[in-house]
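Me: I am new to this and would like to learn how to read a protein structure, one feature at a time. Could you walk me through it?

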Amino acid sequence: MLVRIKGAISNCYLLLGERPVLIDAGAPGDLGRILAGLKANGVEPKQLALILLTHGHSDHAGCAAELRRRSEAQIALHIGDVPLVRAGQNGVLAAQDLLGRLVRPFVDETFEAFEPDLAFREGISLEPYGLRGRVLPTPGHTAGSISVVLANGEALIGDVLRGSFVWPHRARPHYFCHDPETNQRSIVRLAREGLLRCHPGQFGSFPASQLGRYYDTGEGEVLEWSGKPV
Ligand SMILES: [Zn+2]
């Protein structure tokens, strides 16, 4: 079962298989919201088996260190984002559009630095947690961004794209992107997975068909991707 836990500005997700797995750890002020979300789903912090981060930004890794102390769960993330969490900083947030430049001062905060228990390159198996799914590297937003692709056709995509504040069930380019071309390839990679639904790090989920609006099909389709950091 997949449950969304809403933070102040980002989403965490709880995967309830044999052993609970938390995907992302909110912004620094989200600890109470995350603990309440666990409790509401009958999960004691000590039962948490893994904290898997889609990437190392402050609104996804913000409470990871404190949650590890309370749960003794391992923290896992892609090796590409280890420098971010070791520093407790976002690095450069390259704005994709005017909105990105406007929100940057409000979201670019530091967080408690930590050393991950597990830093992987290709991904990790979710089988030990009783989950049918896998980790798919989807770099671009950051060097170490990953998605979690579940066998039921749902995917947790971090900040590869975001949901829409205005239009439910629609995808939008994220405010920030370290490497837009690489992110494009990651969107194509996700589209090839034959997914049904994507759950982003910001705002609500959207049908996987929305991925098609953000990559070049080679068939002259109109795209909405700006492609250039500003
Ligand atoms: Zn991010």
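Predicted model: local features only at pLDDT ≥ 70, side-chain atom pairs only at ≥ 80, totals over all residues.

Me: Let's begin with the metal. Which residues coordinate the zinc ion?

Reply: The zinc ion is held by His55 through NE2, His57 through ND1, His141 through NE2 and Asp159 through OD, at 2.1 to 2.3 Å. Along the chain, these donors are spaced as H-x1-H-x83-H-x17-D. Two of them connect separate stretches: His57 sits in the loop between strand E4 (50-52) and helix H2 (58-61), and Asp159 in the loop between strand E9 (154-158) and strand E10 (162-163), so the pair ties together parts that are 102 residues apart in sequence. His57 and Asp159 are both buried.

Me: How should I read the arrangement of the donor atoms around the zinc ion?

Reply: Start from the ideal: four tetrahedral donors would have angles of 109.5 degrees. Here the 4 donor atoms subtend angles of 89 to 171°, which makes the arrangement irregular. To count as tetrahedral, all angles would have to lie between 85 and 135 degrees.

Me: Now the strands. In which sense do E1 and E2 pair, parallel or antiparallel?

Reply: In general, strands of a sheet pair through backbone hydrogen bonds, in either of those two senses. E1 and E2 are antiparallel, with 5 bridges, and they form a hairpin with 4 residues between them. Leu2 stands opposite Leu15 in E2. E2 also pairs with E3 in the antiparallel sense, over 3 bridges, in a hairpin with 5 residues between the two strands. There, Tyr13 has Ile23 in E3 as its bridge partner.

Me: Which way do the residues of E2 point?

Reply: In a regular strand, side chains alternate between the two faces of the sheet. In E2, Asn11, Tyr13 and Leu15 point one way, while Cys12 and Leu14 point the other way. With 5 of its 5 residues buried, E2 is largely enclosed by the rest of the structure.

Me: What about parallel strands?

Reply: E4 and E5 pair in the parallel sense over 3 bridges, with Ile51 opposite Ile75 in E5. E5 also runs parallel to strand E6 (residues 118-120), again over 3 bridges, and Leu77 faces Ala119 in E6. E5 is mostly covered, as 4 of its 5 residues are buried.

Me: What is the order of the strands in the open sheet of 5 strands?

Reply: The order is E7-E8-E9-E12-E13, with mixed pairing. At its edges are strand E7 (133-137) and E13, each of which pairs on one side only. Within the sheet, 4 bridges join the parallel strands E9 and E12, and Gly158 stands opposite Pro200 in E12.

Me: How many residues does the largest nonpolar core have?

Reply: The idea is that nonpolar side chains tend to be buried together in soluble globular proteins. In this case the largest core has 25 residues, and those with the most contacts inside it are Leu14, Leu22, Ile51, Leu53, Leu67 and Phe114. Among the elements giving two or more residues to this core are strand E1 (2-6), helix H1 (31-40) and helix H3 (64-71). A second, separate core of 18 residues includes Leu50, Ala76, Val135 and Val148.

Me: How are the rings of Phe165 and Phe203 placed?

Reply: Their ring centres are 5.6 Å apart and their planes are at 50°, so the pair is tilted. The structure holds 2 aromatic pairs, and this is one of them. Phe165 is exposed, with a relative accessible area of 68%, whereas Phe203 is partly exposed at 26% relative accessibility.

Me: Last one: which residue has a phi near 75°?

Reply: Most residues other than glycine have a negative phi. Asp24 has the positive value of near 75°. Asp24 lies in the loop between strand E3 (21-23) and H1, and counts as buried at 2% relative accessibility. His169 also has a positive phi, near 70°, and is placed in the loop between E10 and E11.

Note on methods. Residues numbered from 1 in each chain as written. Heavy atoms only, no water. Donors = N, O, S within 2.8 Å, 3.2 Å for Na, K, Ca; no water. Tetrahedral: all angles 85-135°; square planar, octahedral: opposite > 155°, others 65-115°. Buried < 20%, exposed > 50% of the residue type's maximum accessible area, 1.4 Å probe, protein only. Core = buried A, V, L, I, M, F, W, Y, C linked by side-chain atoms within 4.5 Å. Phe/Tyr/Trp six-rings, centres within 6.5 Å; stacked < 30°, edge-to-face > 60°. Pairing = 2+ DSSP bridges.
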